[in-house]
Structure formats: C-alpha cells, structure tokens
Amino acid sequence: MKSLPLHACTPSISSAIINRSYSLLHFTALVALFYYRLSSILLPKPKPSLPYLLVFASEMLLSIIWLFDQAYTWRPVSRTTFPERLPEDEELPGIDVFICTADHKKEPPLEVMNTVLSAMALDYPSDKLSVYLSDDGGASVTLLGMREAWLFARSWLPFCRRFGLKTRCPEVYFSSLEDNSDGPLHSLEYEEEKEKIKGKYELFKERVNKAGENIGSEEATSSKDHSPVIEVMDDEPKDDAGIKQAKMPLLVYVSREKRPSHSHHFKAGALNVLLRVSGIMTNSPYILVLDCDMYCNDPTSARQAMCFHLDPKISPSLAFIQFPQKFRNINKNDIYDGQLRKIFVIRWPGMDGLQGPMLSGTGFYMKREALYGNLSQKDVLHLKQSFGHSNEFIMSVHKIYQYGAIKNTESSSKLQQEAQFLASCTYEKNTLWGEQMGFLYHSVLEDYFTGFILHCKGKTSVFCNPSKPAFLGSSTTNLNDMMVQGTRWNFGLFEVTLSKFCPFIYGLSRMPVLQTMCYGYLALQPLYFLPLWCLATLPQLCLLNGIPIYPQVSSSWFMVFSFIFLASHLKHLEEVLSTGASIQTLLNEQRIWMMKSVTAYAYGSLDAILKCFGMREASFLPTNKVADDEQVALYQMGKLNFQSSTMILTPIITLIILNMVSFIGGVARMFIAGSWDDTFGAGIPITLHIDGKLPCN
C-alpha cells in the first residue's frame, strides 16, 4: 500500500501570472526608456551633459538590479506539512540544536536561557534531542545560567508535556494573557501546577539575574582570549524522585578557545566547533541552528521539518529547511522594516519554486552530511587531512548515527579532553574547515555563502512558513542598530561578489539561470548606493540651475517615465496588500530602503572594497538585545529614533537639505521664468526619484 505524502507543494498560479505580466510590461517600458536615452546621446546636437549621462548610467544599473529581482517572483509556491503521518517516535532521527551567543552584555543571559529552555521543550522524543549552547564570550554568568536552566528544566519540561503547552518559552508563557494549554482549560490541577512552576521560574530568574550582577562587574575572562570550556549538564536533584526520573534532552555548554593571535571566524567558527563537539557526543543526522534570542514558538517545528527530510522523493538532494524569521517586538507600523517582509513573504517563497531559499542564519534544520561534502571515496588519511586529527571525530564522520550512546556516559575525562581538543583554536590549522567543510569562512555572512555553495553543489532547500511562527526573535528597534546590522549584511554580500565566488561567475555554470539571478540580485544589492546618491543629488542640482535631463511633459516620451513610476508603485502596493499589510507599510519600506541605500549599502560596499585590498579587517558586532525603555517607548509610538552616529545621520540630513533647497529653488524658477513645460518635466521625475519610487524598488 502506497504511503501518504508527508507534505504538499502548491504553486501560486495567480501570483505567477500577475508577476510575469508585470515583468513583461515593465521590461518593455525600460527598453523604450533606453531607446530614448540612447537616441538622445547619439544625436549630433545638442550634446548631452555629464549629469544626463550619469543619470542614464544610474537608470541602467537600477534596471539591471530590477531584472535580477524578477527571478524571485517567477514561480512562487507554498507548502503544507502533515506531521501526523510521520513514523513512530522511536523511528525518528536525532536532532542537535545549536544556539549561539557572543556577548552577555548585549545578549542578556536570561533571554538566552529562555531560548535554551524552549529548544529543550520541543515536541520531539527527549532521547533524540540534544541542545548545545556556544558561548563565544566565555562568560561565567552564561555557564551559571546554563546550570540553573538545567535544574529548572527538570520541572518545566514535564509540565509542558503533561498539559500540552503551545508556548514553551517560560518568559513568554508566564507573561501571556492567553491560555496556552491543550489540556483541560482552567482545571484546578492545571492552575495549581502552573502557580507552582511559576514560583520556580521566578526563583530561576532571580538566580540568573543575581549571577549577572555579581559576576558581570568582576568578569576577568576576556571574550577574545580564553581556554576552551565544555560542560555536560547532568546534575540531578536528589530530593525529588519524581523530577529525577523526568526524561531530559542532553544539554551541553561549549565555549571554544579564543586567542588574539588566531582568527576565530565569528559565528561560522563557533558553529563549526559545535559541529565537531556534537559529532563525538550525539552525532545526530540533523541540526537546528538558532540565534540566542530566537526562541522556539511552535514546539512542532522539528516534526514539520522531518516531513521534508524524511521524504524519499526529495531527501537525497535536500540540504536544509528554512523557516522565516519573525519577531515578537515589532510594532504595528514596523517603522524600521524589521520584519523583512520583502524577503520572507515575497522572495523566499519565490526561490522555493526554483532550487530553494537561501540559508538565513537562524531557524533552519540542516542535514549534517550536507556540511561534510562527498565522503564516499575518502580514506582515513584523506579524512584527517580534511577534518583534522581527532580519531573520535573521524569515526563520527564515517557514520551519521540516529543517536549516539555517548549520552549515557559519565562525562569521562577522555571525552572532555577530546571535546576540548576539537574546540581548540589550532584544531582547524591545515584542514579544510571553513574552506570546503562545515560553515564557510569567506564572508561574515556565513549563512548566505554556505547556502550558495550548497546550491552550487546541486543541493536543494525548502521554505516552510506555517501559520503559527515556528520561531520568534527580537528585531532592531532603533535607527543605529538597524544601520549597523545593514552595513554588516551588505559588507558580507559584497565581500562574496568581489571574490572568486561571485554568483555571476562561479554560480552561473553550477545553478539554474533563475536561481543564479536570485543570488545575483543580492550580489548587486549593495551597489544601490551608486544610483541613489546620483539620483538624490544630480537631478536636484539640474532643477536648481534649469538644466533639463527629462523629456517635456508634452512629449510622448514623458509617458514612459510616468508608466515606470506608476507600474512599480502599483506592483509594490499589490504585494503589500496581498500579504495583509497596510499602505503605511509601503511608505515605511520605501523610506527605510532610501535611508539604507545612502548609508548602510554605501558603508558596507566601501568596507568590502577596502578588505579586498587588504586595508581593512572583517568585524562582527552583535546587535544589542538589551531593551532600553526610552527607545522602546519611542518605537511603540511609531517615532524614529535619530540618536545615532554622525556617520549615519550626516548623509541623510545633507540629502534632505539639498532636496528641499533644490525643490524650492526649482519651483521659484518655474514661476519667475514661466517655463512650465520644461521645468515641470525636469522637476516631477526628480521628485519621483528622490522619493524612492524607482523601477527596481
């Protein structure tokens, strides 16, 4: 008897028709625009001005980026999973959860521990689940927090299972006004147990916060210079036999060795250490990667991911399942575009209809073997040259176990020594770690680059976007953090573009054309700053001085520019409304896109160019997760917080002043000279450009 499918894939036919029709019409209008520009340039008289040529070059670059962007909309799909059709629990494969934290001052330990507890409480067999926390700061407060989390989990996990909690992050559960239990609603037993667990959680919070206060000011260990620390949480309370018998996932604290003289490769290096340490402890065939602030909101996400990984039709080539990044602290207007609607609602479903979405840093279930490459023809010697000289780890590479027996060991000194050896800063020397194995090191965006190489190797991926968010995190809620984050992202993107792995060169012969175009769009995204700076300055100066660079209003060619403007706006509006957002969302996205283009995109591109010439070192600044009451209040009121660095504010303020002066001066010239047709034709398209209504947006 043929078994029922574990998932279903549904093409979005209506969206594809709308998208393709728009692309065809818009492309036709762009061809007409280029014909007009070229014919004007080739005419013997009058000779086009330099501003005219620069504006034309900007329009060409914007149109090229727009063309690559259309690949995302060519074949969007949606997916549905059927977890109830999975095999019995004893037949499910093991999952290792990797959680990364780097700075306990910017990433509060209590928030990190809530993420850890939510991962331990996933609706998955406890003996098939292991949770590893990478603490790149080597902070003793984080280690103490892990020990407290382990003790609290002895009560929390049985409570979650007994009453079928829908929300298994303690902080969110106890602060929620909704009933998050699948069990008998408001039963006396449930309410009594809830109050009991709440008391234990308050004690847990007090201990973690107190540890932070006592140790934070006395922390002697440098985050960039410390020895490796590996600790398996296995202490059991002796006074509660019922709790002692609770089934618990394995919980492991990992702080890799860091020395100033050795490159640590940021998050990619931390993930590779977790990959090796987990390889000798549990060696589960699948791994879940989470940021320290991205807690598990839906405990069934692991079972949903297995609906894809265990499907024999797609499993052989499937590398990872990507869930969208969603955030719990977004206000109703989302003034900073923190939810990244364009990416996770439009682009990733579109890529899912091709070869699959890009790797997005957090919230993905990866097949371990996909990070190891092809091992079929490698002997032990070659494996050691590739993976290093740990015999225990080489044995784990030979076979990806369902779940290792190491969980039942007594944290032997031999295991500790081997784990510390794997976490040492010199282990990767003369190996292929970060080059061909594990998470790759050629960019600070290890997710984007690793996913790109996997797709180049013929691997596929899946985008799973259930109605209930699988994971919820914290978005940036101030202008400065948003720009710093955007600068880092665009630095990483352009870093790959300037390398031998440029998608237009390396990817074109290894991936389908449309998939290559998707990566190509992100490769060119940092270059938005070139046409934006041009169109935010030159047309304004031309308007102020009465130099026409656009056709007159009475000219039929003016309709081409008007159509491009209106068509791009209407398409953006259709995307916003079809995803349930408001017109205010459209305005916010346009505003933030302009601000990022003239600042974050420019600084990221410049940093990548300087690094390419050896004039700058890569850096990675974690986003501050500590809530500031004043900033939060401004954000909730929908007010932009301009308490930012001068490097961010200066370009924005300069362009605003230039545009205001040019517009007022141009309008005054129009009234004085009475040349309505010439000036209006120059001024209106200029205001369209400076408002961000561009063909590619």
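Helix axes here are lines fitted to C-alpha atoms over the stretch in contact, and angles between them run from 0 to 180 degrees between N-to-C directions. All views show a predicted model.

**View 1. Helix α8 packs against helix α13.** Helix α8 covers residues 266-281, and helix α13 covers residues 391-398. Their axes lie 8 Å apart and meet at an angle of about 80 degrees. Angles of 65 to 115 degrees count as roughly perpendicular, so α8 is roughly perpendicular to α13. From α8, the contact uses Leu275, Arg276, Gly279 and Ile280. From α13, Glu392, Phe393 and Ser396 take part. By class, this contact holds three nonpolar, two polar and two charged residues.

**View 2. An open sheet of three strands.** The strand order is β8-β13-β10, and the pairing is mixed. Strands β8 (295-296) and β10 (326-327) are the edges, each pairing on one side only. Strand β13 spans residues 471-473 and pairs with β8 in the antiparallel sense. Two bridges link β8 and β13. Tyr295 stands opposite Leu472 of β13.

**View 3. Strands β1 and β2 run antiparallel.** Strand β1 (residues 7-11) is joined to β2 by five bridges. Pro11 stands opposite Val77 in β2. Strand β2 itself covers residues 77-81 and has two faces, one covered and one uncovered. Val77, Arg79 and Thr81 make up the covered face. Ser78 and Thr80 make up the uncovered face.

**View 4. Met358 in the largest nonpolar core.** This core has 73 residues. Met358 and Tyr448 have the most contacts inside it. Neighbours within four places in sequence are left out of the following contacts of Met358. Another core, of 62 residues, lies apart from the largest one. Among its members are Leu157, Leu288, Leu290 and Leu318.

**View 5. Tyr173 in helix α5.** Helix α5 spans residues 170-175. Tyr173 has a relative accessibility of 1%. The cut-off for buried is under 20%, so Tyr173 counts as buried. Lys198 lies 25 residues from Tyr173 in sequence. In space, Tyr173 and Lys198 are 9.7 Å apart, C-alpha to C-alpha.

Conventions:
Residues are numbered from 1 along each chain as its sequence is written. This is a predicted model: local features need pLDDT of at least 70, side-chain atom pairs count only at pLDDT 80 or more; totals for chains, interfaces and linings use all residues. Side-chain values use heavy atoms; hydrogens and water are left out. Two strands pair if DSSP finds at least two bridges between them. Helices (H or I, at least four residues) and strands (E, at least two) are DSSP runs, numbered from the N terminus. Angles under 35 degrees count as roughly parallel, over 145 as roughly antiparallel, 65 to 115 as roughly perpendicular and the rest as oblique. Contact means heavy atoms within 4.5 Å. Ala, Val, Leu, Ile, Met, Phe, Trp, Tyr, Cys and Pro count as nonpolar, Asp, Glu, Lys and Arg as charged, and the others, Gly among them, as polar. A nonpolar core is a set of buried Ala, Val, Leu, Ile, Met, Phe, Trp, Tyr and Cys residues joined through side-chain atoms within 4.5 Å. Buried means under 20% relative accessible area, exposed over 50%, partly exposed in between (1.4 Å probe, protein chains only).
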